[in-house]
Amino acid sequence: MGLFGPTVLDMALATRTDRRPSMARTMWDSSVGKKTVMAVSGLIMLLYLVVHMIGNLKIYFGAGEFNGYAHWLRTVGEPFMHYEWTLWLVRIVLVVAVVAHATSAYQLSRRDIRARPSKYVHKKPRASYATRTMRWGGIILGLFIVWHVLDLTTGTVHSGGFQPGHPYQNVVDTFSTWYGDVIYIVAMLALGLHVRHGFWSAAQTLGAGSRSRDRALKTVADVLALLLTAGFIAVPVGVMTGVVS
Amino acid sequence: MTDYVNYTTGEPVADGTAPDGPINERWDKRRFEAKLVNPANRRKHTVIVVGTGLAGGSAGATLAEQGYHVVQFCYQDSPRRAHSIAAQGGINAAKNYRNDGDSVHRLFYDTVKGGDFRARESNVHRLAQISVEIIDQCVAQGVPFAREYGGLLDTRSFGGVQVSRTFYARGQTGQQLLLGAYQALSRQIAAGNVEMHPRTEMLDVIVVDGRARGIVARDLVTGKIDTYFADAVVLASGGYGNVFYLSTNAMNSNATAIWRAHRRGAWFANPCFTQIHPTCIPRTGDHQSKLTLMSESLRNDGRIWVPRAKGDTRPAHQIPEEERDYYLERIYPSFGNLVPRDIASRAAKNVCDEGRGVGPGGQGVYLDFADAIRRMGHKAVEAKYGNLFDMYQRITDEDPYQVPMRIYPAVHYTMGGLWVDYDLQTTVPGLFAVGEANFSDHGANRLGASALMQGLADGYFVLPATINDYLARHPHQEAVTHEHPVVQDVLAETEDRLNLLLSVDGDRTPDSFHRELGELMWEFCGMARTDAGLRKALERIPQIREEFWRRIKVPGTGEEFNQSLEKANRIVDYLELAELMCLDALHRAESCGGHFREESQTPDGEAARDDDEFAYAAAWEFTGTGDAPVLHREDLVFEYVHPTQRSYA
Amino acid sequence: MKLTLRVWRQPNADADGAMSTYEVDGISSDMSFLEMLDTLNEELILRGEDPVAFDHDCREGICGACSLVINGDAHGPERTTTCQLHMRSFADGDTIDIEPWRASAFPVIKDLVVDRSAFDRIIQAGGYVSAPTGSAPEAHATAVPKADADFAFEHAECIGCGACVAACPNGAAMLFTSAKVNHLNVLPQGAPERETRVLDMVAQMDSEGFGGCTLTGECATACPKGIPLVSITSMNREWLRAARKVGKR
């Protein structure tokens, strides 16, 4: 500083400002930040799916155990929590995760498409494979979630007579229709592909990847994708084969 | 023969700005004596910098840091692409980190001797002093120099010296140093202190009342020719090796900025001093557009040889050890493969002239790593030279781990350039030249890893100190405007030239003329020069020039992106510069450094200098296209390093 | 060799472009790809046609000027720059499609020449160490572990050609930006500006209209200097660290 304020020299060197927006603002305004939102929300959903999938497998132990498990989900945390409080908490977190994930994905996709308006005349299919699977997979999964909730949570579009409190029967009803099976299996295959690239991708976005860890991360992603898909598909398969009825 | 060879001799020129006194105190003294510009007034001064290589990039950034308003130009699409980026081997500095007896004085000595006693002692000593600061500066910028396991900087040896003082970043030292300067420049661009004009080529300099006050430049995208004004103009536009068409320079490196400055009154010194680099990849055919250099550092571990017998066409691995001639090790036992570039190049030419060259056309010698691979292991060789080997393999489709590389000399660097005083000011007041654009500190031959050193010394440290003096002495220059009659004249001249190029509509492409000129220069003004050959070239050049203006074909218009027009306009200047190079080579009837006159050699074929007659720098004054120039001699005084016959045996 | 070239011709930024077909003959397999185009251009000039404009300069794979998408691949089928691609990678009678980099942040100037100044602005946003000339301490004052120096070098090798953007289906500049962030952030000299650098460079990258990263890996495959995909991961880590740290200030 000179006697009368900043000199030209000071100004020449002051090329940066130290005033910064909040972390949340920084996150949401940045493509890297939005990817982080996607990664975190994705991992939350992934965690939920693992629990969900394991819970689903209880269907193989009969209506009593499955329905009891469903009831227990509503009483978790009692007596501290009131009936269904925990469940609603989980639902809220999931809705927030889904909305955050989808909004980020939509906004990022728009940015991506704008960034590459004209296509190459000479096409290379492989370039956009992962991106395309993620985008279409995401849309399929989004539609599936709507159907899934309307089918087995609210019963709005359920095929048989929806019986609240009797999830075992509701599940069997759904998977006794060909379209129920088709929708579900297609969605679970999409889920597998989505998790496969998504888990590894989230690790990269969160900075957890490294050259030495890459193989391990890819293996975990593959195993997770396979287990989830297989675990979820086991239910309609059980119904279709008559093991579950 | 035209009258061109009948040049006249004018007043001798002396460097008026170098202080006297002990050589190691001169730079301090000059800096102290130089007038300074008050920091608060610097913003009012505009400095134009042409070029963004090591010299230009570092000068622009540093001047802006000092507070000057810098307006900078480059023809590339980004300042990061200047051809300094292609320098591979390293940068010298007298750090003596190896404790191997290096010192500022030794670097000074090596450079004067390496330049075959045709450089100015004061300048070279300053260069050696500053070399130390350059490394500090670059490390502070984050230049990722090679390091040892202890985390300290690694060095290697280069040709012509016996200490290890070359700092390097694998084979990409130029790239890393340039990116350092580019990043410093970028910081100043962001701060608004540098107004950067990429894809803009300087076409002329504006001299008003005897002082450089601006330039004429063409926006290469829109074709718009515009004027830019300043209190001083710095040319950092590089060398003129592309006169030869085939060289290791970038395709668009050109001499227009310095040649136009020369035409406006800046004298051109030692134009015939060109460096032919010994280790380049041989050409493969007439389609060849440029030559690729393989770093001189390869000579640290590679051994150069040719078959003993003439016309031996066996593949390298079938030639037994005793039938190989490791000619550099044989002739120069103490320096071996690490002799200076001029000597290595000429030796290669000699063995090829004897008919012992290898590869297509016999224009090549082997650079063999078999011993190195045996000694150090494949892995260590790969770590040290991997990227160079990859590059070689990509170009030649041969695996240098299996078969020896083939190399041949190629035009690489020009020691000559605009004459400058100790302050780096040309004979036009307010016009400065830095880096390869000036006639520099390298005399008649530049040592390896010294170009980067000189470019950065000029740009970071010398010019920013000396330009102060000029600006302080001319604080209130009258504003020059576009309407000024001189400006209008320069502008009209430039526009006329381009319009003429576009209107000839002949039947030959710009490249065909460039190639023809290049072949002529390589034959008669290349590695070996003779009186008769140079006279032949001097007769031929005006004929090519005449034919050029009759038969050139440039498609398109001047108001658009037109690469053919850019090329053709550069060739206009090459066709004049080539003539001066040949004349300079003809008049200097001695051999020194890169300039080898066949008439002047020792009995064993080494260059024979003639210090009685030629211990001077030849500064040429322009008088008109094709008109005999005026020679001004700057006598070189050697107080500290006494000229001796260079010996590397 | 005789080849059929289909080349993107576009007179200027505002005009529409289209592929034009040319035949070239007498091509040697030792020619570089650009020398093959030189041959075409020499013929076009003599025929009175406009030669094909393309960026090129050093022709030794280091300046980063050359920038052609050849048969859908940035810099063509080999992992190198266009100027170091040789015709031996093609067969006699081949049809070769030549297009410019395509990304909205890289508008076409003419034919195969695009404007990559967005890259310069990303560097200007923070891709430097603030070390004014003269302020440097002795070079050996700070030792840098060799592993860090090598890591920095590996990322500093980026030539700024833009192949990563050209190859990315989203036109993202993450690999370019991460290369510079990683180069400078790992070094002790770059540490004081470590947070601001990554935040500002990423913000500039976004504002230039580059797309986001979906980790397809196309960028790293196209990179002539072998900057790895994990470079982006490292930058993400730096970015998150910086966002947390700066948010707390």
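1. In chain B, E5(B) and strand E6 (residues 166–167) run antiparallel to each other and are joined by two bridges. Within this pairing, B:Arg156 has B:Thr166 of E6(B) as its bridge partner. Note that the model is a predicted one.

2. These two strands belong to an open sheet of three strands in chain B, ordered E4-E6-E5 and paired in the antiparallel sense. Its edges are strand E4 (91–92) and strand E5 (155–156) of chain B, each of which pairs on one side only.

3. A further set of pairings in chain B involves strand E16 (residues 365–368). Strand E14 (residues 303–307) of chain B pairs with E16(B) in the antiparallel sense, over three bridges. Here B:Arg303 is placed opposite B:Asp368 of E16(B).

4. E16(B) also pairs with strand E17 (residues 405–414) of chain B, again antiparallel and over three bridges. On that side, B:Val365 has B:Ile407 of E17(B) as its bridge partner.

5. How are the faces of E16(B) placed, buried or exposed? Both are covered: B:Val365 and B:Leu367 are buried on one side, and B:Tyr366 and B:Asp368 are buried on the other.

6. Turning to chain C, the secondary structure comprises eight helices and seven strands. The C-alpha atoms of chain C occupy a box of roughly 65 × 35 × 35 Å along the principal axes.

7. Chain C has 249 residues, of which 63% are buried. Where contacts in chain C link residues at least 6 apart in sequence, 70% of them join residues at least 24 apart.

8. Chains B and C touch each other: 68 residues of chain C are in contact with 62 residues of chain B. On the chain C side, at least two residues each come from helix H1 (33–46), strand E6 (108–110), helix H2 (117–124), helix H3 (146–156) and helix H5 (174–185) of chain C. Which element gives the most to this side of chain C? H1(C) does, with seven residues.

9. As for residue classes, the side of chain C that touches chain B consists of 31 nonpolar, 20 polar and 17 charged residues.

Key:
Residues numbered from 1 in each chain as written. Chains lettered and ligands numbered in written order. Predicted model: local features only at pLDDT ≥ 70, side-chain atom pairs only at ≥ 80, totals over all residues. Helix = DSSP H or I, 4+ residues; strand = E, 2+ residues; numbered from the N terminus. Buried ≥ 20, exposed ≤ 12 C-beta atoms within 10 Å, placed from the backbone. Contact = placed C-beta atoms within 7 Å. Pairing = 2+ DSSP bridges. Nonpolar A, V, L, I, M, F, W, Y, C, P; charged D, E, K, R; others polar.
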